[in-house]
Amino acid sequence: MAKIITAAEAADLIRDGMTLGVSGFGAFASPDYVMEAMSRKFKEQNTPRDLTIVSGVAPGDFVEDGCGLSKIKDEGIIKTLIASHLRMSPAIGRACSENKIAAFSMPRGVYGQLMNAIGGKRPGIITHVGLNTYADPRQDGCKMNELAKADGRELVELIHVSGKDYLFYKAFHIDACILHASYADTEGNISLQNEPVHGDLLELALAVHNNGGIVIVEVNSICEAGALDPRHVLIHKSCVDYIVKAESENNVALAYHPEMVGDIRGLAGDVAPLPFGYKKVIARRAAMELKQGALVNLGIGIPASVANVANEEGLSRDVTLSLETGVFGGVPLDGPLFGAAVNPDSISRSADTFSLYDGGGLDMTVLGCAEVDATGNVNVSKFSGRCVGPGGFVNISQNTPKICFAFAFNSGKCDIGIEDGKLVIRRDGRPGKFIPKCDHITFSSQFAQDTHQEVLFITERAVFRLVDRRMILTEIAPGVDLRKDILDQMGFAPEISPELKRMDERLFRPEKMELAFRSEDHRWYQRRRRRADRRQASDAAARDPGCGDPSGYEPQCRHEPPT
């Protein structure tokens, strides 16, 4: 039976030099109350210190003194960080970038599946995810800074199975974990009844418990044994050692949001439309690529805004938008609540969702982009002197047949308006997103070519397609000068399509675009599924000539946006 303790007593269980798992995705499921107690003890007693923190998306809300790892930002507490995303806590992100914390970053889907393997006492996981990217040991091997390179720890190894390259991510020991959930009963059963994001709590708890570690769960409330609905109990009492009741809460994501967990159904009109501006142009243009019946993943930032556009245009009912957290359907949110959705269809565990993603279950994804080079390689994980990490970007981008990178053309502050249906660049941002060569690769154009992916780069002033590792300019915004506003701002010369055209004029008008799925969109979806089936048969035939005819393979078709 789990023991109920205070946050201070929980902090006493964390010893110097421990490897500590911490739950959370952004602001969700962050055990803030226990981490506050750890920080107080460190200030008073200089302990716990030199911890190795293991997390998926290391919790935080991009606020300097906000939630998540910002609670334990005091220099000396964290020695090493192993996480898929490193910068949700600004102070921790800076420490990684300034080489004060040894920073390792593995793809988000790999993290959850690796926790599952550790819990099952398997040696690790074998996957193609990360090949030809920074995670590949032929490049950086998940090491994000010099301290990580000097650490001597090797998280990943290149192996060969049946003549093909794979990555082997190795299991390691985790001494303890601190988690956050909605409820516990007095025996230690843990319920996620009010949690919009289920993340990898179970996987992390089992990775610790099954290997003799300490499982501590912080909850909003404790009830009598037998009071919990067993349908909402994710972690059984047999796997929990200690329970802490949170006595304070200043994290908006930990509050109860009934519209995010299905207790009420909010009105679609309650989700505010995006303000009219150049970012909405980008989100609208990406939304034009949606197809009826498709399953689509959205990334953080401008990509998440595609959900607002789809909701405003009435497309949400006929396409399923999903998030790497395991949330499917509804209207995904952005900002500190990214990872949840209003009126979701379902809420799954993240590791299960990545099994769907890795297996090719997505039809399309919309992701961000920090740097792209002349051959179409993309970097989102380490740029401008900042260690960031990819989150779920690598899993998603390597396993989805159609990718739209949606991002502002230049970086930093700018003054870009829209007047009379034209883009007006009064003060441009800094060039530097379109560079000759990416030194840190999060998306490999070679991998994309080998797997026949369709890839678009969508900005407010131009749209590019990637064809055989060549960047081809296909669309340009009205009001934009091709030479001054596009080509002179790039670190390489793209090819210009002989059919270069203006971006749809409706993108640059404040009223709704009146987007609608064409009748052939559903047929597109069915054709896409048939092509996927033939591709699988072709791959099987390549491995075993007796099992099928590879001649039926067709490359991924390209589709113009609706007009």
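These legends describe close-up views of a predicted model.

**View 1. Three strands form an open antiparallel sheet.** The strand order is E6-E8-E7. Strand E6 (124-127) and strand E7 (156-161) stand at the edges, each with a single partner strand, so one side of each has no neighbour in the sheet. From one strand to the next, the twist averages 30°.

**View 2. Strand E7 pairs with strand E8 (residues 164-170).** The pairing is antiparallel and runs over six bridges. Val-156 stands opposite Tyr-169 in E8.

**View 3. Helix H4 (residues 108-119) lies across E6 and E8.** The helix runs at about 135° to E6.

**View 4. Strand E30 (residues 462-467) is largely enclosed by the rest of the structure.** Why is E30 described as largely enclosed? Six of its six residues are buried, so the rest of the structure largely encloses the strand. In a regular strand, side chains alternate between the two faces of the sheet. Ala-462, Phe-464 and Leu-466 point one way from E30. Val-463, Arg-465 and Val-467 point the other way.

**View 5. A hairpin joins E29 to E30 through three residues.** These two strands pair in the antiparallel sense over four bridges. Ile-458 has Val-463 in E30 as its bridge partner. Glu-454 lies in strand E29 (residues 454-458). Glu-454 is buried, with a relative accessible area of 1%. Its side chain makes a polar contact with the side chain of Arg-465 (3.0 Å).

**View 6. E30 and E31 form a hairpin with two residues between them.** Asp-468 in the turn has a positive phi of about 50°. E30 and strand E31 (residues 470-476) pair in the antiparallel sense over six bridges. Leu-473 in E31 is the bridge partner of Phe-464.

Notes
Residues numbered from 1 in each chain as written. Predicted model: local features only at pLDDT ≥ 70, side-chain atom pairs only at ≥ 80, totals over all residues. Heavy atoms only, no water. Pairing = 2+ DSSP bridges. Axes fitted to C-alpha atoms, helices over the stretch in contact; angles between N-to-C directions. Contact = heavy atoms within 4.5 Å. Buried < 20%, exposed > 50% of the residue type's maximum accessible area, 1.4 Å probe, protein only. Polar contact = N/O pair within 3.5 Å; in protein donor to acceptor, adjacent residues only side chain to side chain.
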